[in-house]
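Please look through the model below before reading my notes. The numbered points are meant to be read beside it.

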Amino acid sequence: MTDNLAAQLPDQPGDAAAAAEVVRRVWAQVLEVSPDSVDVHRSDFFEMGGYSLLALQAIGRILTEYGVDEVEAVEWEGELLNRLFENATPMTQAEFLAEKGCGTPNTADSAHA
């Protein structure tokens, strides 16, 4: 986790902070921006140039990093998409992931940031 992110997340549990870093990195990849330009509390996916198909792509990448199986992925994808439309910040998605027990991903894909 970057020092910058750690400074932004003083009151968040470790899993939410780790998940926020994953969401930040994936959003940066999908939106083709620097990860440093994605503020986990204030950045809005849609204001940064995202749209529904990019949102699905980002969610798919996040679920792949966590190794979520296909059955769970369908349920999680819907919930992540709903939360994104309600509050389009990385932390909103990270909090859902933390609720599901996700923190630092276990897959090798996460090393290829």
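Which residues form one aromatic cluster?

1. Trp27, Phe45, Phe46 and Phe85 form that one cluster. Rings of Phe, Tyr and Trp (for Trp, its six-membered ring) are taken as a pair if their centres lie within 6.5 Å, and a pair is called stacked with planes under 30 degrees apart, edge-to-face over 60 and tilted for the rest. By this rule the count comes to four aromatic pairs.

2. A word on how to read the values: this is a predicted model, in which local features need pLDDT of at least 70 and side-chain atom pairs count only at pLDDT 80 or more, while totals for chains, interfaces and linings use all residues. Residues are numbered from 1 along each chain as its sequence is written, and side-chain values use heavy atoms, with hydrogens and water left out.

3. Trp76 and Phe96 form an edge-to-face pair, with 5.9 Å centre to centre and 85° between the planes. This pair also links distant parts of the chain, with Trp76 in helix H4 and Phe96 in helix H5 (residues 90–99), 20 residues apart. Trp76 is buried, with a relative accessible area of 6%, and Phe96 is buried at 3%.

4. The axes of helix H3 (residues 52–65) and helix H4 (residues 70–86) come within 10 Å and cross at roughly 130°, which makes H3 oblique to H4. Axes are lines fitted to C-alpha atoms, for helices over the stretch in contact, and angles run from 0 to 180 degrees between N-to-C directions; those under 35 degrees count as roughly parallel, over 145 as roughly antiparallel, 65 to 115 as roughly perpendicular and the rest as oblique. The contact (heavy atoms within 4.5 Å) includes Leu56 and Ile59 of H3 and Trp76 and Phe85 of H4.

5. In the loop between H2 and H3 lies Glu32, whose phi is near 55°, a positive value in a residue other than glycine. Glu32 is exposed, with a relative accessible area of 73%.

Conventions. Helix = DSSP H or I, 4+ residues; strand = E, 2+ residues; numbered from the N terminus. Buried < 20%, exposed > 50% of the residue type's maximum accessible area, 1.4 Å probe, protein only.
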